[in-house]
Structures are given as C-alpha cells and as structure tokens.
Amino acid sequence: MAYITVSDLSLGYDAHSILEGLNFTVKAGDYLCIVGENGSGKTTLMKTLLHLQEPLGGQILIGDGLKTNEIGYLPQQTLVQKDFPASVREIVLSGCQGRCGFRPFYSKEEKQLAEENMSRMGISHLANRCYRELSGGQQQRVLLARALCATRKVLLLDEPVSGLDPRVTIEMYELIKDLNKDGITIIMISHDIAAAVRYASHILHISTKIFFGTKDEYLKSDIGKFFLMQQEGGDGIVR
Amino acid sequence: MALFDKLVLYLQYPFVRYALIVGVLIALCSSLLGVTLVLKRFSFIGDGLSHVAFGAMAIAAVLNLTNDMVLILPITVISAVLLLRTGQNAKIKGDAAIAMISVGALAFGYLVMNVFSTSSNLSGDVCSTLFGSTSILTLSPGEVALCAILSVIVIIIFILFYNKIFAVTFDENFAKATGTKANAYNLLIAIIIAVIIVLAMNLVGSLLISALLIFPALSAMRLFKSFKSVTIFSALLSVLCALSGIIISILAGTPVGSTIVAVDVVAFAICHGAGIIRGGMSK
Ligand SMILES: Nc1ncnc2c1ncn2[C@@H]1O[C@H](COP(=O)(O)OP(=O)(O)O)[C@@H](O)[C@H]1O
Ligand SMILES: [Mg+2]
C-alpha cells in the first residue's frame, strides 16, 4: 500500500475543472517532482492533496500508516503579510500546533523538536530574529523547519526555490535531497524540469498530456524527451 | 498638588473606582486581538460589528432595558458569526456585505432612536452611544460586574488559545493542512472580537472602538518583532493609555472615550518616532 494513491482525480474551482484523469501513487521514500507550465494546476493539485479544497471527482487514498495531517507543507508564496511580527522560533514552533489538539501550550518535547529542526535547517542562530527581516533563502528554511515539525513522513513543497538566487537554489535542492535521504518522502512542485530530472525518483508532468512514471521512464518518454530538448538549449544541465 | 488632591477626592467615589477598574480590564481585552485584527481581514469585521452594536444599543434604549448588554451581546455575536460566513464565501464579496450591514445598522439605529425615543435629549443620547461620552461613569454595579466577568473570560480564553490564534493568524492554510481546526478558531476569534466590541462600547462608544482595538497593536508593531512581545507590549500600552485617559478626562472634564483614544494616538506617534529612530540607528 502506498502513502498516497490518487485515482482518476479531477480538480478545479466551483465545478470548473482545470485537470482531469489524474492517476499516480507516492510510496514511502519517493521523491516525486510535479512539473508543468504556470497555470497548469500544480498548486491546485497540492491544495487538493492537503484537503484545503474538495476534489471535483476521483479519489485520494491515504495509506501505509500515514494520517492526513502528517503531511508537512511549504506554501508557494508565503501568504504571510509583509508586516507580521513573528520570531523564527515562534513560527517553527507553530508547526507543532497540529499535534496539540485541544492542549493549549506546547510540551517540552515539542519545543525540543522545534530546536532540533532549526539546527537541522541551520537557522538556530536566527531563532530570535524577526521573520520578515530575513532573506528569501532564510525564510524558506524557516518554513521548512516548521513543516518538519508537522511531519516526519511526507513534505509537500510548492516551488520552494522560486525567487532564490542560483547559489541559494542549489543549497535548497541539496537540503531537500538530504531530507529525502533521511527517509522523508518529498513531493515537490517545480517548473525547473532539469532539476526535477536530477533530483527526483518519480515525475508527474502536467500539460495537455499527463505523464506519470519513474525518472528513467520519463527520460525515455516522448513528452520527457521533448521538454528536455527544449530546456537543454537554455541551461544544458541534462546528461 | 491641587490636581492630585482632586484625584484623591474623586477616587473616594465608588463610580470613579468602577470606571478605572472596568476601563483597565476593557483596555486590556481590546488590545489582545489587535495584531490579528490588523493582519487579517477581521479589521473590517471589527468595524462593521461596532456599527451593529450601535444599532442594537439603539433598540435596547428604545425598549428601555435596564441592562442593555443582554440584547447587544447576542446580536453582535450572531452578526460576527454571519459576517465571518459571508467573508469566507468567495462569491459574495465579504467587504461589501460588511459595509452594507454596518451602514444599515447605523442608519436603522439612529432611525429607531429618533422615532421611538421618549428622551428629551435625543442628540445627547446618540452622541454618547457613538462617542461614549459619559457611560463609563454611569455604570451600575451590576454592569461593572458583568464587564469584569466578561473581560476576565476573554483574557483567559485568549491565553488558553494564544498558540492556536498565532498559528491561524500567521498561516491559515498551513494550520488547516496540518490538522488545526482553523475554521473553529476563526469562529472563536470572531466571537471574542464581538464580545470585546460590546465591552469597549461602554468605554469609548461605538465609533471609536476600532481605535481602541487597533492603535496599541500598531504602536507595538513599530517597536517589537515577535508576536509575544508585541502582544504583551500592546496590552501594557493599552492599559496605560486607558488609565491616563480616564484620569485626564476626570480632572479636565473632557469626554472619556475621545480622551482615551487621543492618548492612544499620541502613544502611537511616539512609538512610530521611536521606531524610525531605532531603525535609523541600526542602519
Ligand atoms: N482561487 C481560484 N479560483 C478560481 N480559479 C483559480 C484559483 N486559483 C487558481 N485558479 C486557476 O486555476 C488554474 C491553475 O492554477 P494553479 O494551480 O495555481 O497553477 P500552477 O500552480 O500550476 O501555476 C489557473 O488557470 C488559475 O487561473
Ligand atoms: Mg503554483
């Protein structure tokens, strides 16, 4: 049984569908990259997986001991208002909120967990800093640490590198790769196909045709070859 | 020294002491959700609700209720819940609904007072509901007790739900996705705001409530950078402003509500200036 099994899923807003006939599975330890043009429905898919909105049809089955609220999540743009006064520690700790239920205050273990995840993301020295004064890369690390407080199993990342400069982008990719090595299942949205092919174990490509398969299958498929050819001109990362 | 003597003299009257106690409690409550109000669209709800509360108060005045909170509180709480619902419904523009309800309540309230009121001093009545000119000094012991109990409940709920309020205010989607019942807490926040507004109406009148709710948080946000320090500082500042406002108004004979708000505005100006100076130094 896989962590997440999506069968014949359709998504959209108010009965207006933007994607139909989606099928894929995510197993423990996978690194799934979801690629596709802007506006193809990647963020909508992620919101549907997180139960922030209802699917228009089809099913999302959760299995293999995963609970729906054990999915950590890194939002695309932080909806957080520019002015929000919050320290890094407060934000990371808020990742533990889901486990609290009705308990009003965080336990010692949860505070410990927050500290561990901050050091794992290399932001312990920023713990008392104000979130809004950090650089883009630092902010992403804070939100990653928060997501790690919410889960030990699955992380959903929506364009985690958008707006970061090239060096920080690579750092971010490496960080995510290490998390995956440590056993955390990754589902990452990206429109950087070259990076997807480099890091992911599975690819879900959303465009007029939908492709789902392992990275090797993708490299051999027509759709994969076509898009890689297109990108190769640009950055030529692919072997 | 004469001023001080005058103050001591006034403090011997129970109604002045009540005013100070109630003023401090209400000021404390109303500052607590300031950040949430400022940063979420709840600020519109807050504004709309204060007008609803005015309409309810007009009806209560006409009905000659001895304790008008019995009517105002449920009406305002129900409106808060309804406004939150429409705000979440993407199809009806939440802001437009709020504007409609609040202006409607204002007009309706004044109409009701004008048509049915038996009072000889109508414009005085309206003025004091809008600006809260004397009501803080005319509270009965029963009203004082009710205010105090409600304030304490609001403070306890805020402390118990502090972490959840932070999570939901900072990033509602993340909170929802990871298993926090964000909608339930939004509802709770809206209800607390409604209760606070009804309380604050006693202190500053319905038109000035937003100022009491928002200024301390805005001031604190100039100077502090974590949610906790902003919350604590705005609570302290709000209490300080309310205390000095009440005392000034007693000594100088100015209207209580507008004096408190004026003090809040001055405090904001000072904090804003201090924030700029500090920002300039750290650069
Ligand atoms: N809240 C919304 N209501 C209606 N349509 C939306 C909403 N959000 C996004 N869309 C539409 O859904 C489509 C997919 O958007 P999105 O999932 O954000 O794409 P991606 O993340 O792949 O760039 C777009 O055409 C967009 O206009
Ligand atoms: Mg997107």
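This is a predicted model: local features need pLDDT of at least 70, side-chain atom pairs count only at pLDDT 80 or more; totals for chains, interfaces and linings use all residues.
A backbone N or O atom of G41(A) lies 3.1 Å from an oxygen atom of ligand 1, and T43(A) takes part through its side chain, where a polar atom lies 2.6 Å from a ligand oxygen. Taken on its own, ligand 1 has 560 Å² of accessible area, and the protein covers 57% of that.

If you look at the residues around ligand 1, you will find Y13(A) and I18(A), and then the run E37(A), N38(A), G39(A), S40(A), G41(A), K42(A), T43(A) and T44(A). By type, this shell divides into two nonpolar, six polar and two charged residues. Helix α1 of chain A, which covers residues 42-49, gives the largest share of the shell, namely three residues.

Now let me turn to the place where the chains touch. Here 35 residues of chain A are in contact with 28 residues of chain B, and the area buried between the two chains is about 2800 Å², with carbon and sulfur atoms giving 64% of it. Between chain A and chain B there are two salt bridges, and one of the salt bridges joins R146(A) to D171(B), with the closest N and O atoms 2.9 Å apart. There are also ten residue pairs in polar contact between these chains, counting pairs in which both residues have pLDDT 80 or more.

Which elements of chain A give two or more residues to the side that touches chain B? They are β5 (71-74), α2 (88-94), α3 (97-100) and α5 (136-150). The residues on that side of chain A divide into 20 nonpolar, nine polar and six charged.

Consider E70(A) and K153(A), whose side chains meet in a salt bridge with 3.2 Å from N to O. Why does this pair tie together parts that are 83 residues apart in sequence? It does so because E70(A) lies in the loop between β4 (57-62) and β5 of chain A, whereas K153(A) lies in the loop between α5 and β6 (154-158) of chain A.

How values were computed
Residues are numbered from 1 along each chain as its sequence is written. Chains are lettered from A and ligands numbered from 1 in the order in which they are written. Side-chain values use heavy atoms; hydrogens and water are left out. A residue is near a molecule or strand if one of its heavy atoms lies within 4 Å of it. A polar contact is a pair of N or O atoms within 3.5 Å; within protein, one must be able to donate a hydrogen and the other to accept it, and residues adjacent in sequence count only if both atoms are side-chain atoms. Accessible areas come from the Shrake-Rupley method with a 1.4 Å probe; for residues, only the protein chains shown count as cover. Helices (H or I, at least four residues) and strands (E, at least two) are DSSP runs, numbered from the N terminus. Ala, Val, Leu, Ile, Met, Phe, Trp, Tyr, Cys and Pro count as nonpolar, Asp, Glu, Lys and Arg as charged, and the others, Gly among them, as polar. Contact means heavy atoms within 4.5 Å. Buried area is the accessible area (1.4 Å probe) that two parts lose on being put together, summed over both. A salt bridge is a side-chain nitrogen of Lys or Arg within 4 Å of a carboxyl oxygen of Asp or Glu.
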